[in-house]
6 protein chains.
Amino acid sequence: MTLAFLGPEGAVADPSRARIHFIPVPFDATTCYRPGARLGPSAILAASPHMEWYDEELDAEVWRLGLYTRPPLEPVLPPEAMIEAVRAAVSESLSVGAFPVVLGGEHSVTVGAVSALRERVGDLAVVQFDAHADLRENYQGSPYSHACVMRRIWDSARVRQVGIRSLSRPEMEFLRAEGRPPIWAREVKADCAGAVRRLLDGLPDIPVYVTIDLDCLDPAVMPAVGTPEPGGLSWDEILAFLRALAGTGRVAAFDVVELAPLPGLAAPEYTAARLVYKFLTYLFAPGPGRG
Amino acid sequence: MTLAFLGPEGAVADPSRARIHFIPVPFDATTCYRPGARLGPSAILAASPHMEWYDEELDAEVWRLGLYTRPPLEPVLPPEAMIEAVRAAVSESLSVGAFPVVLGGEHSVTVGAVSALRERVGDLAVVQFDAHADLRENYQGSPYSHACVMRRIWDSARVRQVGIRSLSRPEMEFLRAEGRPPIWAREVKADCAGAVRRLLDGLPDIPVYVTIDLDCLDPAVMPAVGTPEPGGLSWDEILAFLRALAGTGRVAAFDVVELAPLPGLAAPEYTAARLVYKFLTYLFAPGPGRG
Amino acid sequence: MTLAFLGPEGAVADPSRARIHFIPVPFDATTCYRPGARLGPSAILAASPHMEWYDEELDAEVWRLGLYTRPPLEPVLPPEAMIEAVRAAVSESLSVGAFPVVLGGEHSVTVGAVSALRERVGDLAVVQFDAHADLRENYQGSPYSHACVMRRIWDSARVRQVGIRSLSRPEMEFLRAEGRPPIWAREVKADCAGAVRRLLDGLPDIPVYVTIDLDCLDPAVMPAVGTPEPGGLSWDEILAFLRALAGTGRVAAFDVVELAPLPGLAAPEYTAARLVYKFLTYLFAPGPGRG
Amino acid sequence: MTLAFLGPEGAVADPSRARIHFIPVPFDATTCYRPGARLGPSAILAASPHMEWYDEELDAEVWRLGLYTRPPLEPVLPPEAMIEAVRAAVSESLSVGAFPVVLGGEHSVTVGAVSALRERVGDLAVVQFDAHADLRENYQGSPYSHACVMRRIWDSARVRQVGIRSLSRPEMEFLRAEGRPPIWAREVKADCAGAVRRLLDGLPDIPVYVTIDLDCLDPAVMPAVGTPEPGGLSWDEILAFLRALAGTGRVAAFDVVELAPLPGLAAPEYTAARLVYKFLTYLFAPGPGRG
Amino acid sequence: MTLAFLGPEGAVADPSRARIHFIPVPFDATTCYRPGARLGPSAILAASPHMEWYDEELDAEVWRLGLYTRPPLEPVLPPEAMIEAVRAAVSESLSVGAFPVVLGGEHSVTVGAVSALRERVGDLAVVQFDAHADLRENYQGSPYSHACVMRRIWDSARVRQVGIRSLSRPEMEFLRAEGRPPIWAREVKADCAGAVRRLLDGLPDIPVYVTIDLDCLDPAVMPAVGTPEPGGLSWDEILAFLRALAGTGRVAAFDVVELAPLPGLAAPEYTAARLVYKFLTYLFAPGPGRG
Amino acid sequence: MTLAFLGPEGAVADPSRARIHFIPVPFDATTCYRPGARLGPSAILAASPHMEWYDEELDAEVWRLGLYTRPPLEPVLPPEAMIEAVRAAVSESLSVGAFPVVLGGEHSVTVGAVSALRERVGDLAVVQFDAHADLRENYQGSPYSHACVMRRIWDSARVRQVGIRSLSRPEMEFLRAEGRPPIWAREVKADCAGAVRRLLDGLPDIPVYVTIDLDCLDPAVMPAVGTPEPGGLSWDEILAFLRALAGTGRVAAFDVVELAPLPGLAAPEYTAARLVYKFLTYLFAPGPGRG
Ligand SMILES: [Mn+2]
Ligand SMILES: [Mn+2]
Ligand SMILES: [Mn+2]
Ligand SMILES: [Mn+2]
Ligand SMILES: [Mn+2]
Ligand SMILES: [Mn+2]
Ligand SMILES: [Mn+2]
Ligand SMILES: [Mn+2]
Ligand SMILES: [Mn+2]
Ligand SMILES: [Mn+2]
Ligand SMILES: [Mn+2]
Ligand SMILES: [Mn+2]
């Protein structure tokens with residue numbers, strides 16, 4: 001089955017003529033609570049044609065820039081091999097001048113995307129939206145578990161975390177030792193505009209990779225994740241962050257990960273598809289969205 | 001199966017002794033993403049007896065005015081025939097002095113209700129709560145699709161739209177040409193009281209029909225719709241609008257449409273039933289609710 | 001989204017080089033009990049790549065003959081228009097020498113397929129597997145409802161019914177008047193081989209169209225239909241019929257209709273996909289299956 | 001909500017003009033594994049109008065005898081009070097000459113029905129279809145649990161059990177001591193006709209009450225029960241028993257209990273409704289069914 | 001199956017060495033709309049090990065105080081017997097100096113817990129979070145239904161209600177006569193901090209029992225309850241109340257009741273488990289949470 | 001959470017006093033169609049206490065031999081590491097004289113169990129019940145995928161396959177070259193007793209390991225597997241094989257794998273638990289079952 005973002009009518013068949021590349025990674029070997037993230041990419045793609053292609057907030061149609069959806073990456077083991085496959089795919093897209101959007105799959109795929117981007121742009125900031133810190137040294141026998149993803153990236157990129165509300169004491173101690181506290185979910189909910197400002201102020205003036213673990217959102221908005229944590233971001237709150245990040249003009253790629261579809265519920269995958277398209281609109285619409 | 005709003009104990013068997021008539025229309029021939037709106041009316045009716053009949057906000061029991069539930073309209077094709085059946089049923093209720101409440105079914109049923117009301121009251125305003133503009137000229141071969149319903153009504157009534165957050169470029173251009181922008185969902189969420197005021201200020205002093213496509217609500221509140229769009233109205237926000245509309249004293253009928261029940265989830269149909277009863281309480285409770 | 005039977009790797013992109021054409025018809029405007037047949041074609045196609053392409057019973061790989069899957073027909077109303085679209089699509093496949101397989105969608109699509117085939121081959125027998133007679137003159141205001149499909153075909157083709165276990169008295173009286181009793185489900189279950197023989201004995205020596213309403217199967221095997229009737233055919237029983245029909249060498253086309261997917265259950269659509277591929281294998285494998 | 005077997009069109013409003021009375025008992029206070037039997041009666045009634053009213057096996061329409069559905073009995077506690085309410089309702093139906101059909105609810109409701117029938121007809125045989133012996137002296141603090149129902153009845157009626165495949169050692173010892181082994185499920189499956197004969201041979205020539213715990217059926221046919229036991233009866237097997245029992249002319253009433261609906265699956269309640277109507281047809285159709 | 005809060009690794013096997021005792025009560029004999037509260041305790045316990053044991057808001061790990069989970073109480077009937085079993089279990093925990101946390105089960109279990117606490121501490125305040133007043137004199141034949149629980153407690157404890165949005169006229173009249181209006185849900189939503197202050201101001205300086213009917217929360221946050229009422233508390237709002245109540249230093253025990261798990265949805269039971277652990281953290285973390 | 005087969009009351013806490021050891025392996029890293037086999041072991045264990053401990057077919061209570069359930073093996077990657085963990089656990093059980101029952105998890109766990117057994121008993125026969133041959137050389141980048149499990153074992157044990165109905169051409173060619181055709185599912189269904197005899201006749205007189213991939217069963221009986229294939233074994237058919245295998249007195253260990261629970265359906269895990277207990281009863285009951 002070949003699925004494309006916005007469906008075949010909205011898609012470009014020739015990758016070299018597309019400004020935006022979607023890279024589906026149907027992989028979830030290490031998820032623990034509720035498996036199924038490997039079904040996330042196809043669910044997002046299958047929901048996407050039900051969206052309008054026009055965005056009324058910015059009066060824009062970014063699909064006109066050309067959307068190309070790769071065939072899904074074949075899942076392989078161990079996670080290191082999967083990460084390498086993601087790295088190669090992102091690298092290929094970057095090499096033809098396309099903007100890569102990785103659709104997970106579990107969070108560990110981010111390691112590959114960040115690695116490809118570092119090779120190309122050098123110093124890199126990574127903004128992580130997540131309920132969890134994902135800073136474990138090791139988890140269930142693997143240093144490449146989804147629960148370790150940001151620890152793997154930490155030393156090679158400037159990581160900034162948003163929406164965190166669940167972590168272990170060792171993770172907290174690591175953050176204290178590093179002197180880089182997250183923007184907690186409760187800070188966002190108490191003062192979203194202030195939290196957005198703090199994020200931008202702390203961002204170095206270098207290219208930015210954005211990784212969106214969908215469990216950053218509140219379970220009311222996004223129940224279809226492996227570990228739904230109450231007290232999460234609302235739709236408006238995440239959009240405020242994405243709008244501001246797009247406004248920096250420095251976002252070089254992003255991923256949306258950890259969707260584990262719930263049979264019978266259409267809202268989660270549709271919401272994920274809309275989030276992807278909204279971010280793309282903020283990033284590529286000519287005009288007020290760019291700043 | 002004969003279902004009645006609030007169940008048989010809350011119902012009046014003789015329609016001529018009921019102030020309020022419920023008209024179930026189990027029809028969804030044109031829905032595209034997730035079918036099932038034809039099961040909406042019976043789900044709302046079946047959920048309704050689990051509500052309290054007393055409303056604590058207004059200290060009222062509007063069921064005492066007499067509630068009569070028609071047998072469900074038989075679904076027929078093409079959509080024009082269904083619309084005509086709705087028109088006839090609403091007309092019949094109006095002719096005995098009852099207040100009609102249409103329970104959809106897909107949004108196209110509104111055309112019939114508006115047509116019946118126009119015959120009786122002449123000039124008419126229509127307030128539409130919806131995530132979508134529903135202003136397509138034609139959709140999937142039919143000008144009477146749910147996606148075209150407001151276009152069919154546009155010329156015969158003063159349409160005012162609330163909660164919109166998804167439309168096509170041609171629909172946007174139509175709205176621009178007509179000079180009647182909607183009250184966007186994001187405007188409601190930024191300043192609900194202001195949005196309510198804007199709606200009332202723009203309403204001409206004529207009878208009002210209210211059509212509530214349940215997808216105007218946020219999917220967190222109402223996941224059981226064909227196309228759940230994130231960023232929608234909260235329960236408090238829609239109530240603020242309905243309270244204010246009731247306060248004008250000019251609401252002549254309303255519908256609640258597009259509920260497509262999700263097996264196993266009781267909250268959506270219960271929420272829809274409560275919405276219907278809340279609006280009726282605002283409309284018919286003696287006292288502060290009337291303005 | 002473009003789905004293909006057996007997925008893109010098993011598909012032929014050029015219809016003129018494919019021996020077999022799949023025609024998805026996502027349509028269910030007239031279904032009454034449990035809607036959703038419009039989601040059937042995509043569910044069958046999405047399940048199909050999980051099958052083995054090799055059939056061990058006949059030691060065959062019929063995909064090598066070339067499988068082409070049309071884009072799904074756009075659903076239109078009224079049903080007559082949908083039927084006409086099916087007729088045109090089937091006709092087009094026949095005109096290039098391909099064998100058409102229609103994937104419903106509700107049963108009314110059969111009218112279009114039969115009509116296309118009659119134009120090409122003249123006299124036609126139609127073998128219907130179904131729990132229901134589908135012989136109503138009219139149903140819910142339409143003579144083209146799924147409940148009327150065989151009545152529409154009756155006069156233009158030699159209809160033979162298998163698996164029936166639910167019909168109205170008028171339908172029974174019609175069958176008595178016509179002198180063509182069905183092969184009842186209970187006859188199949190009491191003596192399957194005998195029932196197969198009776199079917200073949202009664203079949204005139206002309207081309208045969210086979211229509212498989214999946215509710216002919218027992219709900220234990222196939223719960224994902226609009227009206228699941230207990231006492232239906234088992235997997236082995238339906239295969240016995242299809243094997244025998246293929247053995248006549250006169251089957252000219254077939255359809256599989258009325259799959260209404262159940263969220264969370266993979267077995268029904270997988271079973272439907274296997275049924276399609278099994279029948280194709282019986283029809284096209286060189287050797288013992290042909291007779 | 002007022003539900004009626006076959007729906008309002010098939011129902012008789014005046015109980016005194018109905019030959020058959022349906023008594024819904026939405027009660028499941030003592031179920032242990034998967035609750036929900038209290039939702040069984042309304043599910044059966046809601047499914048029933050989707051059946052054909054005509055039975056093709058016996059060429060009969062037993063609805064013409066008059067079907068009346070009582071309002072559901074109000075659930076009360078303790079179980080003894082519920083049982084007494086069932087007794088009173090069944091007694092009332094018997095006193096006007098109607099044939100009572102009790103729709104459970106959990107199995108404990110049978111005690112009330114048997115008690116009402118004994119008052120009227122004296123000596124009574126009870127045929128129980130069940131996966132479980134239900135012969136515990138006491139269960140979870142109550143002698144009126146569903147797991148004790150047949151023990152409560154044992155001394156006042158001649159109990160005969162069919163389909164058993166799960167019981168405790170003390171229940172087995174009780175049966176041995178009493179010298180009344182059940183007809184095990186595996187005996188039915190090995191030789192159904194023989195098992196039917198053995199049942200009839202052992203039945204005394206007195207009025208018969210039939211209680212059908214739906215878990216007697218195989219989970220493939222009937223997954224919607226509290227404790228689904230593999231190795232159960234097929235649709236054909238239970239019909240063979242019911243046909244034979246009807247043939248004795250001595251069945252005085254029956255119940256169908258323990259349906260716990262599964263959200264999203266229509267087949268179980270539809271199957272239960274068909275079972276009820278099939279048994280009624282065997283009992284009341286003029287002709288070959290009676291013997 | 002033995003389940004423990006936080007799982008066996010987080011549990012203490014010897015109750016006398018645990019500061020906190022969990023008492024699971026899998027009971028729901030009187031629930032009316034959607035049964036299943038009897039499955040609530042095991043769902044909360046099974047979800048709990050997926051939480052982090054560390055709380056980042058208070059920088060605390062209250063599990064170090066020792067968590068002991070009793071085997072679930074055996075469900076018994078009538079409700080009075082169940083209530084007595086709860087009383088005995090809570091009493092036992094109190095007698096060894098442990099802090100009892102009752103996990104329901106339906107709301108009627110609260111009567112037993114309050115009774116045990118009154119025996120030990122004398123005058124008692126009860127703070128109830130609930131969508132419903134639960135003040136009926138009698139419901140479905142039992143004065144111990146979940147809908148009567150606060151009426152049973154009213155005279156022996158100072159009841160304060162929060163989050164109410166659904167009650168009958170007689171309940172309203174009772175509250176008026178008693179002169180103790182609830183803190184309505186809409187008051188919380190309009191001014192949460194003010195509502196918290198009003199609650200604390202009105203609380204007498206005596207020990208406090210807190211009962212949390214999960215339907216106090218909005219259905220978007222907590223759909224898995226018997227009667228989900230729109231317009232309920234958000235996650236932040238309930239935490240604001242619990243934080244403040246913990247700050248009084250007078251909370252002596254609490255319960256969380258009415259979770260009726262929804263198959264396939266992990267968020268509700270996880271949210272309930274987090275709520276329990278959050279409240280315990282507010283109660284037992286050294287530092288700012290205590291006041 | 002610590003789950004035990006038959007629950008804590010049926011369990012033995014000290015492994016050295018238990019004749020039977022259950023080894024749960026919640027692992028499914030390589031499953032492709034529908035993930036979730038990692039949830040299988042806990043589902044089987046959680047369902048098991050709802051069974052009767054007494055078996056009426058053999059009049060036996062094998063739980064009296066002592067049942068011990070290990071804590072679940074921690075899932076690790078790559079599959080080789082998981083397989084090694086299974087090997088170690090099975091070895092440990094064998095070394096204390098216990099009979100190991102492995103509960104999967106995906107089919108690849110069998111490699112570890114067979115390896116442990118070979119170390120202890122030398123020459124070994126393996127009887128595989130499965131819909132699939134699982135004889136791929138390599139699958140999705142791993143030679144230890146569930147689709148390769150029997151190929152890994154082939155050279156070190158005498159493999160005999162039952163119930164196969166889906167395989168690739170290369171797998172078929174491998175079987176032909178090896179001269180060891182499976183007992184096809186259709187052969188079982190045509191003549192079960194003959195198929196059982198053929199299996200026994202072909203079994204060398206050495207210890208036997210039995211691996212039961214639950215997809216050997218028909219989807220009607222067992223829908224909760226990753227790839228449900230129609231045309232599978234019935235409950236009676238698999239029992240006939242297990243009864244006969246137990247009768248050889250040479251079964252040394254077994255596994256039950258590939259259960260992927262379906263939320264809301266209790267029958268599949270209950271059926272799996274019953275299958276495990278039935279096989280144990282055939283193996284360990286004194287008397288007619290042993291042969
Ligand atoms: Mn996360
Ligand atoms: Mn993450
Ligand atoms: Mn809409
Ligand atoms: Mn609309
Ligand atoms: Mn049919
Ligand atoms: Mn049909
Ligand atoms: Mn039973
Ligand atoms: Mn029973
Ligand atoms: Mn409540
Ligand atoms: Mn309550
Ligand atoms: Mn398999
Ligand atoms: Mn296998």
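Predicted model: local features only at pLDDT ≥ 70, side-chain atom pairs only at ≥ 80, totals over all residues.
View 1. Donors are N, O and S atoms within 2.8 Å of the metal (3.2 Å for Na, K and Ca); water is not among the atoms, so sites may look incomplete.

Residues are numbered from 1 along each chain as its sequence is written, chains are lettered from A and ligands numbered from 1 in the order in which they are written, and side-chain values use heavy atoms, with hydrogens and water left out.

**View 2. Two manganese ions share C:Asp130.** The manganese ions (ligand 6 and ligand 5) are 3.2 Å apart, and C:Asp130 coordinates both. C:His107 sits in the loop between β3 (99–104) and α4 (109–121) of chain C. C:Asp130 sits in the loop between β4 (125–129) and α5 (149–154) of chain C, and the two residues are 23 residues apart. Helices (H or I, at least four residues) and strands (E, at least two) are DSSP runs, numbered from the N terminus. Is C:His107 buried or exposed? C:His107 is buried, at 0% relative accessibility. C:Asp130 is buried too, with a relative accessible area of 0%. Buried means under 20% relative accessible area, exposed over 50%, partly exposed in between (1.4 Å probe, protein chains only).

**View 3. C:Phe5 pairs with C:Tyr277.** Rings of Phe, Tyr and Trp (its six-membered ring) pair if their centres lie within 6.5 Å; planes under 30 degrees apart count as stacked, over 60 as edge-to-face and the rest as tilted. By this rule there are 48 aromatic pairs over all chains. The ring centres of C:Phe5 and C:Tyr277 are 6.2 Å apart and their planes meet at 40°, so this pair is tilted. C:Phe5 lies in the segment before α1 (7–10) of chain C and C:Tyr277 in helix α10 of chain C, so the pair ties together parts 272 residues apart in sequence. C:Phe5 is buried at 0% relative accessibility. C:Tyr277 is buried with a relative accessible area of 3%.

**View 4. D:Phe5 stacks on D:Phe22.** The ring centres are 4.4 Å apart, with 20° between the planes. D:Phe5 lies in the segment before α1 (7–10) of chain D, and D:Phe22 in strand β1 (residues 20–25) of chain D, so the pair ties together parts 17 residues apart in sequence. Both D:Phe5 and D:Phe22 are buried.

**View 5. Rings and a charge in chain A.** Ring pairs join A:Phe99, A:Phe254, A:Phe279 and A:Phe284 into a cluster. A:Arg151 lies over the face of A:Phe174, 4.0 Å from the ring centre. A charge sits over a ring if NZ of Lys or CZ of Arg is within 6 Å of the ring centre and within 35 degrees of the ring normal.

**View 6. The charged end of F:Arg151 sits over the ring of F:Phe174.** Its distance from the ring centre is 3.9 Å.
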